[in-house]
Amino acid sequence: MKKYKMTEEHKKKIGLANKGKIITEEHKRKISKTLTGKPQPWNEGKNHFNWKGNKNLGYQSKHNRIRLKYGEPNYCEICGKTDKKKYEWSNKDHKYSLKKEDWQRLCSSCHKKYDIEYNNTRVNQYDK
Ligand SMILES: [Zn+2]
């Protein structure tokens, strides 16, 4: 990986970018690097490797948005466990609104069960 030095030239370009000028992919990457570690609510989903043009983007970015807005889930609302490796935001009706009451925190296994039982989820629903 190349090391990135913040030159005056770049600072100027970033400044312009923030005023609404067109920003290149390269710069986006560099800017997001310099911001790593800080909360970036304005950068929704961009840290995700899928953020440009992947067909899962719709599904992923909504989940990312919820995570950025309401934090990383750390317990399961169905089984109540707090010691699982991974928790996910689950959308109750799969309309993916950004209202918090439409979302619940679930562990992976309850999430899967919930989706199959209540939403009749098939894998290809995530391909939109
Ligand atoms: Zn659970």
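1. A quick definition to start: pLDDT is the predictor's confidence in each residue, on a scale from 0 to 100. You'll need it here, as this is a predicted model, where local features need pLDDT of at least 70, side-chain atom pairs count only at pLDDT 80 or more, and totals for chains, interfaces and linings use all residues. Numbering runs from 1 along each chain as its sequence is written.

2. Confidence overall: the protein chain has an average pLDDT of 74, with 59% of the residues at 70 or above, as in "score at least 70". Among the helices and strands (DSSP runs numbered from the N terminus: H or I of at least four residues for helices, E of at least two for strands), helix 1 (residues 8-18) has the lowest confidence, at a mean of 67, and strand 2 the highest, at 96.

3. Two stretches to handle with care. Over residues 46-55 pLDDT stays under 50, and the model has 11 contacts for them beyond four places in sequence; a contact means that the C-beta atoms of two residues, placed from the backbone, lie within 7 Å. Residues 123-128 also stay under 50, with 6 contacts beyond four places in sequence. Where pLDDT is low, the predicted coordinates should not be read in detail.

4. Layout: I count along with the assignment of 4 helices and 2 strands in the protein chain. Their order along the sequence is α-α-α-β-β-α. Taking contacts between residues at least 6 apart in sequence, 37% join residues at least 24 apart.

5. Burial: 9% of the 128 residues of the protein chain count as buried. The cut-offs are 20 or more other C-beta atoms within 10 Å of a residue's own for buried, 12 or fewer for exposed, and partly exposed in between, with C-beta atoms placed from the backbone.

6. Which residues make up the largest nonpolar core? There are 5 in all: C76, Y87, L106, C107 and C110. Such a core is a set of buried Ala, Val, Leu, Ile, Met, Phe, Trp, Tyr and Cys residues joined through C-beta atoms within 7 Å. Leaving out residues up to four places away in sequence, C76 touches Y87, L106, C107 and C110, and also K81, K84 and R105.

7. H94 has a phi near 60°, positive although the residue is not glycine, and sits in the loop between strand 1 (87-91) and strand 2 (103-107). H94 counts as partly exposed because it has 14 C-beta neighbours inside 10 Å.

8. Y96 belongs to the loop between strand 1 and strand 2, and its phi is near 55°, again positive in a residue other than glycine. With 15 C-beta neighbours inside 10 Å, Y96 is therefore partly exposed.
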